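Please read the following briefing alongside the sequence and the model. It is arranged by topic for a reader new to this structure.

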Amino acid sequence: MSDEPVILYIEDNPDNRKLVSRVLGAEGFTVYTANDGPSGLAFVEETTPDLILVDLQLPDIDGYEVTRTLRQMDRLKNTPIVALTANVLKEDRERSFAAGCDGFIQKPFSVDKLPNQIKNYLSQS
C-alpha cells in the first residue's frame with residue numbers, strides 16, 4: 001500500500017481527466033478517474049479516496065447530487081470533496097457548499113497552483 005494520497009476525480013471530459021491526472025500524478029498523488037457520477041459512486045464502494053474532486057456538470061447525475069450521495073456515506077464524512085468546475089457563479093459556489101463540498105476550484109485552473117490547493121484541502125481533513 002502506498003503512502004501517496006489517493007484522489008478520485010469525477011469528470012466527464014477526457015481532456016480534463018488526463019490533465020488533472022498528469023498534474024497531480026507528477027506531484028506524487030495517485031489519481032483515479034470516473035467519467036460520470038455512477039462510476040464515481042461505484043469506485044467509492046471499493047476504495048476510500050483521501051480526497052474527491054467532482055465536476056458539477058456531469059451527465060445523468062450532476063455533481064451536486066453525487067456530492068450529496070457521497071456525504072451520506074459514513075466512511076466519507078471526513079473526506080474532502082472539492083468542486084472542480086466551470087460553473088463559476090456565486091450561486092454555483094453556494095449550491096456546491098450546500099450539497100456538501102468542502103472547496104471550490106474554478107476552471108480553467110492553474111496547473112501550477114492545483115497541487116498546493118489539493119495539499120491544503122488534504123491537510124484540513
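**Asp60 and the setting of the model**

At 72% relative accessibility, Asp60 counts as exposed, where exposed means over 50% relative accessible area, buried under 20% and partly exposed in between (1.4 Å probe, protein chains only). The structure is a predicted model, in which local features need pLDDT of at least 70 and side-chain atom pairs count only at pLDDT 80 or more, while totals for chains, interfaces and linings use all residues. Residues are numbered from 1 along each chain as its sequence is written, and side-chain values use heavy atoms, with hydrogens and water left out.

**Backbone features**

- Asp60 lies in the loop between β3 and α3; helices (H or I, at least four residues) and strands (E, at least two) are DSSP runs, numbered from the N terminus.
- The phi angle of Asp60 is near 65 degrees, a positive value in a residue other than glycine.
- Lys107 and Pro108 are joined by a cis peptide bond, with omega about -5 degrees.
- Pro108 is placed in the loop between β5 (103–106) and α5 (114–124).

**Helices α3 and α4**

- The axes of α3 (residues 63–71) and α4 (residues 90–99) come within 8 Å and cross at roughly 25 degrees; axes are lines fitted to C-alpha atoms, for helices over the stretch in contact, and angles run from 0 to 180 degrees between N-to-C directions.
- Helix α3 is therefore roughly parallel to α4, a term for angles under 35 degrees, with over 145 counting as roughly antiparallel, 65 to 115 as roughly perpendicular and the rest as oblique.
- Tyr64, Thr67, Arg68 and Arg71 in α3 meet Asp92, Arg95, Ser96 and Ala99 in α4, contact meaning heavy atoms within 4.5 Å.
- The charged end of Arg95 sits over the ring of Tyr64, 3.7 Å from its centre; this requires NZ of Lys or CZ of Arg within 6 Å of the ring centre and within 35 degrees of the ring normal.

**Buried Leu51**

- Leu51 belongs to strand β3 (residues 51–54) and, at 0% relative accessibility, counts as buried.
- Not counting residues up to four places away in sequence, Leu51 touches Val6, Ile7, Leu8, Thr79, Pro80, Val82, Ile118, Tyr121 and Leu122.
- Leu51 and Pro5 are 46 residues apart in sequence, yet 7.9 Å apart in space, C-alpha to C-alpha.
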